[in-house]
Amino acid sequence: MIPQSFQFSSVKRRKVEADFSGGDITSNAGILLLSEIDRKIGLSRSVARAMGDGRRKASCEHSVEGLLKQRVYALALGYEDLNGNPPIFN
């Protein structure tokens with residue numbers, strides 16, 4: 001049986017729920033599922049640790065993990081050149 005709805009982790013204290021009963025559809029909602037799976041299995045975190053970070057910390061605004069997530073999630077959403085300005089995912 002396919003569930004009618006699915007609960008995600010809260011985003012900035014807001015409840016996030018996927019409801020499969022129809023209605024308006026967005027192509028970017030897949031980022032919620034991708035982010036949730038990544039958070040649960042820790043793939044981006046592990047890859048970022050394995051990559052290391054040779055940058056000067058004082059000059060860095062974003063973490064390697066955040067930049068990695070930005071690139072991977074943007075590619076998954078079809079922003080191959082990041083022109084859509086997806087947010088940094090820290």
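From the N terminus on, the elements here run β-β-α-α-α, so to speak in DSSP terms: helices are H or I runs of at least four residues, strands are E runs of at least two, and both are numbered from the N terminus. That gives three helices and two strands in the chain.

A quick word on the ground rules. This is a predicted model, with residues numbered from 1 along each chain as its sequence is written, and local features need pLDDT of at least 70, while side-chain atom pairs count only at pLDDT 80 or more. Totals for chains, interfaces and linings use all residues, and side-chain values use heavy atoms, with hydrogens and water left out.

Now the overall numbers. The accessible surface of the chain comes to about 7,200 Å², and 55% of that belongs to carbon and sulfur atoms; the areas come from the Shrake-Rupley method with a 1.4 Å probe, and for residues only the protein chains shown count as cover. Of the 90 residues, 19% count as buried. Buried means under 20% relative accessible area, exposed means over 50%, and partly exposed is in between, again with a 1.4 Å probe and protein chains only. As for contacts, meaning heavy atoms within 4.5 Å, residues 24 or more positions apart account for 29% of those with a separation of 6 or more.

Let's turn to helix H1. H1 has 12 residues and reaches 17 Å from its first C-alpha to its last, close to the expected 16 Å, where the expected span is 1.5 Å times one less than the number of residues. Which residues of H1 are buried? They are Ile31, Glu36 and Asp38. Seen down the axis of H1, the buried residues fall within an arc of 165 degrees, so they line one face of the helix; the arc is that of the directions from the helix axis to the C-beta atoms. What covers them includes H2 and helix H3 (64-76). On the other side of H1, Lys40 and Ile41 are exposed. Just after H1, Gly42 takes a positive phi of about 70 degrees.

Next, the charges. Side chains of opposite charge can pair when their charged atoms come close. My cut-off for a salt bridge is a side-chain nitrogen of Lys or Arg within 4 Å of a carboxyl oxygen of Asp or Glu, and by this rule the count comes to five. One of them joins Lys40 to Glu36, with the closest N and O atoms 3.9 Å apart. Being four residues apart in helix H1, these two are separated by about one helical turn. Lys40 counts as exposed because its relative accessibility is 59%, whereas Glu36, at 10%, counts as buried. Glu36, Arg39 and Lys40 are linked in a network of salt bridges.

Asp53 is another one to click on. Arg55 forms a salt bridge with Asp53 at 2.8 Å between the closest N and O atoms, and Lys57 meets Asp53 in a salt bridge at 3.3 Å, N to O. Asp53 is partly exposed at 29% relative accessibility, and Lys57 is exposed at 56%.

Last, the greasy side of things. Leu33, Ile37, Ile41, Leu43, Val47 and Met51 make a nonpolar surface patch of about 570 Å². Patches are made of residues with over 30% relative accessible area and no salt bridge, like charges being joined within 9 Å and nonpolar side chains (Val, Leu, Ile, Met, Phe, Trp, Tyr) within 5 Å. Helix H1 (30-41) and helix H2 (43-51) are the elements that give two or more residues to this patch. Val47 lies in H2 and, at 33% relative accessibility, counts as partly exposed.
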